[in-house]
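Here is a briefing on one protein model. Please read it with the structure open.

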Amino acid sequence: MDSYKTCAICGRKAVFYSAYLKQELCKKHFERMLIKRVRSNMNLHKIKESSFIFGDENNCGKEFLKFMFKDMDSSSGEKLYSYTLEDFAVCVMEFFLFHNPPDKKIEQKNGFSPLFNVSEHEIISFFKLKKKDIEHITRNGKDEYVLKFLTEIEERRPGGMISLVKAGIKLGII
Ligand SMILES: [Zn+2]
């Protein structure tokens with residue numbers, strides 16, 4: 001009997017463990033899940049898929065937005081920020097740890113971050129499955145330190161960053 005893990009949806013060979021869904025997924029369902037989540041974030045915030053410009057706050061996030069919305073008109077005033085789950089998790093954690101005033105909002109005046117619940121780990125894995133290398137993000141020392149701490153928690157308890165970001169939303173921090 002094969003010892004590999006199987007996709008929770010179709011039973012084929014799994015390539016990714018989704019901390020978000022708490023499920024193993026195959027390539028097809030991993031890609032679908034990620035794209036669906038971003039679309040549903042856009043719909044939930046009533047952002048039409050037709051008119052916006054990309055922010056470049058997180059290169060890896062920007063690559064993913066470009067992949068999803070490649071035919072967009074870039075003349076509109078609406079801006080899609082490419083901040084990711086890690087960016088927001090660090091922001092909320094620094095608010096709790098150091099009382100840092102939050103410097104990122106999911107929804108801003110004329111702007112929105114549709115990747116607030118999508119991790120860099122997911123984006124990098126997504127492109128790796130498409131045989132495309134995406135650069136890792138470099139952060140300043142303090143952010144890097146906090147992210148390292150969060151990543152260690154995430155490894156022991158997948159979904160920790162999502163929970164932190166959800167708490168940040170509920171409390172109006174981000
Ligand atoms: Zn599948």
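Leaving aside neighbours within four places in sequence, Phe64 is in contact with Leu34, Ile35, Val38, Leu115, Ile123, Phe126 and Phe127. Contact means heavy atoms within 4.5 Å. This is a predicted model, where local features need pLDDT of at least 70, side-chain atom pairs count only at pLDDT 80 or more, and totals for chains, interfaces and linings use all residues. Residues are numbered from 1 along each chain as its sequence is written, and side-chain values use heavy atoms, with hydrogens and water left out.

**Nonpolar core**

- Phe64 belongs to the largest nonpolar core, which has 44 residues.
- Phe64, Phe69, Leu150 and Ile174 touch the most other members of this core.
- Helices H1, H2 (59–68), H3 (85–98), H4 (120–129), H5 and H6 (160–170) each give two or more residues to this core.
- H3 supplies the largest share, seven residues.
- A nonpolar core is a set of buried Ala, Val, Leu, Ile, Met, Phe, Trp, Tyr and Cys residues joined through side-chain atoms within 4.5 Å.
- Buried means under 20% relative accessible area, exposed means over 50%, and partly exposed lies in between (1.4 Å probe, protein chains only).
- Helices (H or I, at least four residues) and strands (E, at least two) are DSSP runs, numbered from the N terminus.
- In soluble globular proteins, nonpolar side chains tend to be buried together.

**Helices H3 and H6**

- H3 and H6 pack at an angle of about 65°. Their axes are 9 Å apart.
- Axes are lines fitted to C-alpha atoms, for helices over the stretch in contact, and angles run from 0 to 180 degrees between N-to-C directions.
- The crossing of H3 and H6 is left-handed. That term applies if the near helix is turned anticlockwise from the far one by less than a right angle; clockwise is right-handed.
- On the H3 side, the contact is made by Leu85, Glu86, Phe88, Ala89, Val92, Met93 and Phe96. On the H6 side, Met161, Ile162, Leu164, Val165 and Gly168 take part.
- Which residues of H6 are buried? They are Gly160, Met161, Ile162, Leu164, Val165 and Gly168.
- H3 and H5 are included in what covers those buried residues of H6.
- Just after H6, Gly172 takes a positive phi of about 75°.

- Cys7 is buried, at 4% relative accessible area. Cys10 is partly exposed, at 31%.
- His29 is buried, at 11%, and sits in helix H1 (residues 27–44).
- Not counting residues up to four places away in sequence, His29 touches Cys7, Ile9 and Cys10.

- Glu122 is found in helix H4. Is Glu122 buried or exposed? Glu122 counts as buried because its relative accessible area is 5%.
- Beyond four places in sequence, Glu122 is in contact with Phe16, Phe30, Met33, Leu34, Arg37 and Asn117.
- Ser119 lies in the loop between strand S6 (111–112) and H4. Ser119 is buried, at 9% relative accessible area.
- Ser119 touches Leu85 and Glu86, not counting residues up to four places away in sequence.

**Partly exposed residues**

- Lys142 lies in helix H5 (residues 141–156) and is partly exposed, at 39% relative accessible area.
- Lys142 and Val90 are 52 residues apart in sequence and 9.6 Å apart in space, C-alpha to C-alpha.
- Leaving aside neighbours within four places in sequence, Lys142 is in contact with Glu94, Phe98 and Asn100.
- Tyr17 is in strand S1 (residues 16–18) and counts as partly exposed, at 38% relative accessibility.
- Tyr17 touches Lys22, Gln23, Glu24 and Pro158, not counting residues up to four places away in sequence.
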